Amino acid sequence: MGAYLLRRAVQAIPVLIGISLAAFLLIHLVPGDPARILLGAQATPKAVATLHEQLGLDRPLPTQYLNFITGAVHFEFGESLSQKVGVGKLIGTRAEVTLLLLMMATLLSITIAVPLAVAAALRRNRPVDHSIRLFSMFTFAMPSFLLGLLLILFFSLKLKWLPTSGYGSGFGGHLRALILPALTVGLYLAPILLRTLRIGIIDTLGTEYIEAARARGLARRLIIFKHVLKNSVIPTVTVLGLNIGFLLSGLVVIENVFSLPGLGSELVTAIGNRDYPTIQALTLVFGVSVVAINLLTDLLYSYLDPRVRL
Amino acid sequence: MNGTASELLAVRDLTIGFPAPGGLLLAADGIDFDVAVGRTVGLVGESGCGKSVTLRSLLGLVPYPGEVLAGTIHWRGEEMLTASGKRQATLRGTEISMIFQDPTSCLNPVFTVGNQMVETLRKRAGLGRREARTRAMELLDRVGLSAPEKRLAAYPHELSGGMRQRVMIAISIATRPRLLLADEPTTALDVTTQEQILALLKELQAEDGMAILLVSHDLGVISETCDEVVVMYAGRMLEAGYDREVMRSPRHPYTRGLIEAMPSLEVTDEEPPVPIGGQPPDLTALPPGCPFQPRCKFVRDQCAEIPVALDATLAEHGSACPFEGVRS
Amino acid sequence: MSADALGLKLGGPGGQAVVARLRKRAAEERRWAKVTLRVGIAIVAIVAFVCFAAPLLGFADPNQQNLLGALKPPSLEHPFGTDALGRDILTRVVYGGRIDLTFAVLTTIAAFVLGTLVGAVAGYRGGWLDTFVNRLVDTVVAFPFIVFILAIVTITGPGLKGAYIGVIAVSWALYARMARAEMLVEREREYILAAKTLGYSTRRIVFRHALPNVVRASIVFSMAEIVLNILLLSSLSYLGLGVQPPTPEWGALVAEGQDVLLTSWWVATLPGLVIVLVGIGFSLIGDGIADRFGRDFSLSGGE
């Protein structure tokens, strides 16, 4: 297992370099001089030069890249241009929201997708299966921000059960505030999990070991929830890993719908403010997170499937 | 014929259909046979002849979208086909158990051998966790696996094919079944292991007195193990009788073909094995009358008109071919 | 075995009934595939027709304000109601649809063609080109796609142009990955090897023989991509980084209705439901095609 994970980690290195290059080059691809864009046409040459120095734009490109990487390793990305605070610190305070939301959304998504996938697979090509398929098409086609708004309309404005926006206070408050956003993101991811899981279950149901388990007289429930599910969860873990980018994309939008102080809403604000250091840092953080989560998925995969452990 | 004291299983007119383009194909068509207490009966035929699906129907496990269309299955005098699914399920893994062709794929790869054995023993034999573990080790010992403790902790892929088949046998005999269904239990194994597994089955049978219904394409395996044999072709029975009689004086040209195709175990100067010519039958396009016509060396015009049924007048050894005299 | 023979065996009518029942079951299972494709095509065709023939169907200026008739609920005159500036929402949805549908179809086609070609050539040629393309794909796919697109919007500035460039720059990668994977299999096939020995050029082999096979999986995937691309553009506009007001665009329309959600639900909801309807239409088409191809492709290849 160690060798397998090591190989995966080594494979991730070129991708990490690619991510850092993309995040780094971002500021250089902006047409014109970023400092001039930020300061406006009337800016004095001195002000421009100062900003150049602050952004490090006065040094040669390779040096800049090296500094960017060294900074990134120490989680130093310079100072935010719009909120006079270190970008690293800014990200640190906001990561908690996104991370908590990510976990809750994944859990909810699995909770929604698994029972539906089991029901659909067991009644394949029957009305139940078709209805579930239509449901998954519906949620797939539903813009996540609209779903968020509808949930707010119903649960917050009409029923007044949950807050409309913000992060609440205290851990309980945070959890409460995250229920609707997490449900939104969970429903957004569910159709993809559902679809893969359904196919996984159908494939597993056709295997000889399931037939053998039935021939041993094991109860249907035990067969489905123990034997079928564990085997179908394995490919689903991979799919979850592959779709982590999809999931994070949903988070970015939903944080904005619910005005949550997370990394996604910060990214959109930073783009509005042309806060280049923050944009660069967040781009890097998102990219690296995907790679890291994929490695975690591999770890989980090798834990679930004993055949990979060798 | 039903109801005699020694009768375990009586199958009559069993007909199993699958939807096919343009209608229906019959994977089993009018199958009749009995299994008596402690006896070994073999179903033999080329792959696709319906023997495996027949075997599965006895447990109520005909694969979707097929279904049993007609016939009766009596288990110790009780009609099972019309019994509730629950009643059918109570027999599975207790009174009747089954082992499969490919031991590699019939153990769940993501659970340990011990997990799967203990699970079966707890659910089907009603043992507690600790008792089940002890019993599992006894069973592994009984099927000839050394270091049972170690085997229990192993995942299926960590065992050899022969070991896995022994594990499957251990699971299947855990509840002391009256009937063991064996679907090509040795086909995926090498010759030496094959012999060992067959010997083990015979040994267990001698000790427990269970009956075995053995399915194989290999007439050698069947004749070595079985008391009675049923020859199937294209879902029909072509010949049935005591193994010794069928082997010594086969009445159907197909049976004779199977015997001639058998590699001889002793080195003799006899003619080498002759495979049966022609293609395996297409179940969606069978000729009228005898299904074996296109490949039969002795085919004649009347073959298209005969009903395919065993000739009951030939007591204890029936054949679907009325032209016994054609033997050269 | 024919139905007649079984009927004979089971005593006539009984046998026929069994066959009829089994046939009906098989037919029911096939019907879904036929229905999905037809319904999907119908939905997409109707919406597209209404959007693109809007002036002919009597839809006037989508930006025509009428402050006296603001926030009117759906009625015969205004089937989708009016917004805070008294603009007819249905008209805005119809004109917005031109932008969204054009965007989704063009970006999907561009990414499809670009990605498939790059992936197929890389997969066929192998070597450093393949390694390079592979790394590039890995890097693009490593980003949450919206982050990548937002990064490009940072460069181009908010607007439709950034959305076009961003979406194409992201989505080509998945087509390339699929095409490459299929190509690695295809190039070992006998007909390719045969074509090679006959002396056809590499390019000719790739384009004439293998590409049709490579393309099949991508077509099903592209239906899901169209849906995703509509969602992407509307998300960007919702975030204020896509199509800028007052130009009507589906996501922007939802955003405009957000503030009056409690009092005037229709402003945000009805344009949103049109997005859902079109999305379901394309998904149904994708499903129908997948069934026709006889393989169960996943809804989304995974980004």
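**Close-up views of a predicted model**

**Figure 1. Pairing of strands β9(B) and β10(B) in the predicted model.** Glu228(B) has Tyr242(B) of β10(B) as its bridge partner. This bridge belongs to the pairing of β9(B), residues 228-233, with β10(B), which is antiparallel and comprises six bridges. The two strands form a hairpin in which two residues lie between them. In the turn, Ala234(B) adopts a positive phi of about 50°.

**Figure 2. Strand β10(B) and its pairing with β11(B).** β10(B) spans residues 236-242 and is mostly covered, with six of its seven residues buried. β10(B) also pairs in the antiparallel sense with β11(B), residues 317-319, over three bridges. Within this pairing, Ser319(B) of β11(B) is the bridge partner of Glu239(B).

**Figure 3. The contact between chain A and chain C.** Chain A contributes 45 residues and chain C contributes 44 residues. On the side of chain A that touches chain C, the elements giving two or more residues include α1 (2-29), α8 (170-205) and α13 (276-304) of chain A. The residues on this side of chain A comprise 34 nonpolar, ten polar and one charged.

**Figure 4. Confidence along chain C.** Chain C has a mean pLDDT of 83, and 87% of its residues reach 70 or more. Helix α3 (residues 89-125) of chain C has the highest confidence, at a mean of 92, whereas helix α1 (residues 3-9) of chain C has the lowest, at 41. The pLDDT is below 50 over residues 1-13 of chain C, a stretch with 22 contacts in the model beyond near neighbours in sequence. Residues 295-303 of chain C also stay under 50, with 28 contacts beyond four places in sequence. The model scores ipTM 0.88 and pTM 0.81.

Terms used
Residues are numbered from 1 along each chain as its sequence is written. Chains are lettered from A and ligands numbered from 1 in the order in which they are written. This is a predicted model: local features need pLDDT of at least 70, side-chain atom pairs count only at pLDDT 80 or more; totals for chains, interfaces and linings use all residues. pLDDT is the predictor's confidence in each residue, from 0 to 100. Helices (H or I, at least four residues) and strands (E, at least two) are DSSP runs, numbered from the N terminus. Two residues are in contact if their C-beta atoms, placed from the backbone, lie within 7 Å. Ala, Val, Leu, Ile, Met, Phe, Trp, Tyr, Cys and Pro count as nonpolar, Asp, Glu, Lys and Arg as charged, and the others, Gly among them, as polar. A residue is buried if 20 or more other C-beta atoms lie within 10 Å of its own, exposed if 12 or fewer, and partly exposed in between; C-beta atoms are placed from the backbone. Two strands pair if DSSP finds at least two bridges between them.
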